[in-house]
Amino acid sequence: MTTSVIPIPPSYNENEKLCVKDTQSYLHFLESENVQTVMTTAGTSQFGLLDTHEILDFNRSVSEFNGTKILGVPQIPTINLKQFILDSVCDNNTFFMGLYPDRFYDNKTVIEYFSRIRDCTKNPIYVHGMFMRAGRGGQWNFTADVLCELFDKNIITGIKEEHSDLSQAYNLVVNLPDELDVIVAGGSMRRHQFLKSAGANSFLSGVGNMLPSIENEYCRKIDCGLDVQSELDIESKLFSVFNKHGWHQSLRIALSLLQLCCFSDRMPWPTRKEFIVNDIENVMKGILYRLDRDKKISIKQFNSIISYLERERE
């Protein structure tokens, strides 16, 4: 079954303090849109701008989501892993995702790190499969032999796949166990299109962060063997603007325009320039009008969003 996984960005008050209330409101919106899985992750969830206590508070708020939760573990040393997990709140539908904190030297050290996280958790974990710097120069991407060993030992249940080379990503995924949950990142539906025949069954959300119905429909159509060009066209339209201004900046602006969350930012973060906000507003309006025309969004939701955007424009 194909699944879209929604990464959750943190919200802040005007004084830049973490605003858990807005995160909870956003999670309720996602629940109402039949989202099944959410994730906290170093990039979208801005772990680099949060201290460890704030990451715990943020993860705890996300753990209240009524569905599957994948909670990111920040880049912390092995000695701190147990306390971090113990201080977290989780249920049977909660899975932790580890991000290796140092340079790569050998497979054994990497495997031992994720083993230590697993020792503290109820469920097998996810690996944040971002490439890392190699201790002897260059960079290192996760390999199938490392991931297969982790899976065979019941340490991991899935991976957030972020191979730096798309063609090599295919070779990686095709050599992974069929039962491993492979969430492709950095391209959403488009990346999933390329890697699904290799075995990728999930993808990190793009347009679904704002309008989950689009990716829900994509997943339904993929599982039914139907054409998904309409959904891919919407995603391409969105990406053409969001990627131009930087995905994470654009995402936060769009979520605030739609009155969902992320109304303020924490420094260091780029100022919301008027021409960027206008660009994002215009592409979102275009997508909303298309959804309304195709009857893929409720009249109430469409009217409330458009009226808000028009009011802000005046």
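## Basis of the Report

A residue is called buried when its relative accessible area is under 20%, exposed when that area is over 50%, and partly exposed in between, with a 1.4 Å probe and protein chains only. By this scale Tyr 113 is buried, with a relative accessible area of 4%.

The structure is a predicted model, in which local features need pLDDT of at least 70 and side-chain atom pairs count only at pLDDT 80 or more, while totals for chains, interfaces and linings use all residues. Residues are numbered from 1 along each chain as its sequence is written, and side-chain values use heavy atoms, with hydrogens and water left out.

## Aromatic Pairs

Rings of Phe, Tyr and Trp (its six-membered ring) pair if their centres lie within 6.5 Å; planes under 30 degrees apart count as stacked, over 60 as edge-to-face and the rest as tilted. Across the whole structure, eleven aromatic pairs are found. One of them joins Tyr 26 and Phe 29, which are stacked with 6.3 Å from centre to centre and 15° between the planes. Helices (H or I, at least four residues) and strands (E, at least two) are DSSP runs, numbered from the N terminus. Helix α1 (residues 20–32) holds both Tyr 26 and Phe 29, which are three residues apart, about one turn of the helix. Tyr 26 is buried because its relative accessibility is 1%, and Phe 29 is buried at 15%.

The pair formed by Tyr 113 and Phe 114 is edge-to-face, because the ring centres are 5.6 Å apart and the planes stand at 80°. Phe 114 is buried, with 0% relative accessibility. Tyr 113 and Phe 114 belong to one aromatic cluster with Tyr 100, Phe 104, Trp 140 and Phe 142.

Thr 78 lies in helix α3 (residues 78–87). Its relative accessibility of 29% is why Thr 78 counts as partly exposed. Contact means heavy atoms within 4.5 Å. Leaving aside residues up to four places away in sequence, Thr 78 touches Tyr 113 and Arg 116. Thr 78 and Phe 114 are 36 residues apart along the chain, and their C-alpha atoms are separated by 9.2 Å.

## Salt Bridges

A salt bridge is a side-chain nitrogen of Lys or Arg within 4 Å of a carboxyl oxygen of Asp or Glu. The whole structure contains 13 salt bridges. One of them links Lys 153 to Glu 149 at 2.9 Å, N to O, and Glu 149 is partly exposed at 33% relative accessibility. Another joins Glu 162 and Lys 160 at 2.5 Å, N to O; both of these residues are buried.

Glu 217 and Arg 220 also form a salt bridge, at 2.8 Å, N to O. These two residues are separated by about one helical turn, because they are three residues apart in helix α8 (residues 212–224). Glu 217 is partly exposed, with a relative accessible area of 23%, and Arg 220 is partly exposed at 40% relative accessibility. Elsewhere, Arg 252, Asp 265 and Arg 272 are linked in a network of salt bridges.

On a 1 Å grid over the protein atoms alone, a cavity is a set of points where a 1.4 Å probe fits but cannot get out, and a pocket is an open set with protein on both sides within 12 Å along at least five of seven lines; lining residues have an atom within 4 Å of a point. Grid points are joined across faces, edges and corners, and a volume is the space filled by probe spheres set on the points. The largest pocket holds about 340 Å³ of space. Its lining comprises 21 residues, of which Ala 185, Gly 186, Leu 204, Trp 247 and His 248 lie nearest the centre. At least two lining residues come from each of β5 (125–130), β8 (156–162), α7, α9 (229–245) and α10 (247–257).

Helix α7 (residues 188–195) includes Ser 188, which is buried at 4% relative accessibility. Not counting residues up to four places away in sequence, Ser 188 touches Phe 203, Leu 204, Ser 205, Gly 206, Glu 235 and Phe 239.

## The Largest Cavity

Three cavities of 30 Å³ or more are found in the whole structure. The largest cavity has about 50 Å³ of space. Residues lining the largest cavity include Cys 90, Asp 91, Phe 95 and Ile 125. Strand β4 (residues 94–98) supplies the largest share of this lining, three residues.
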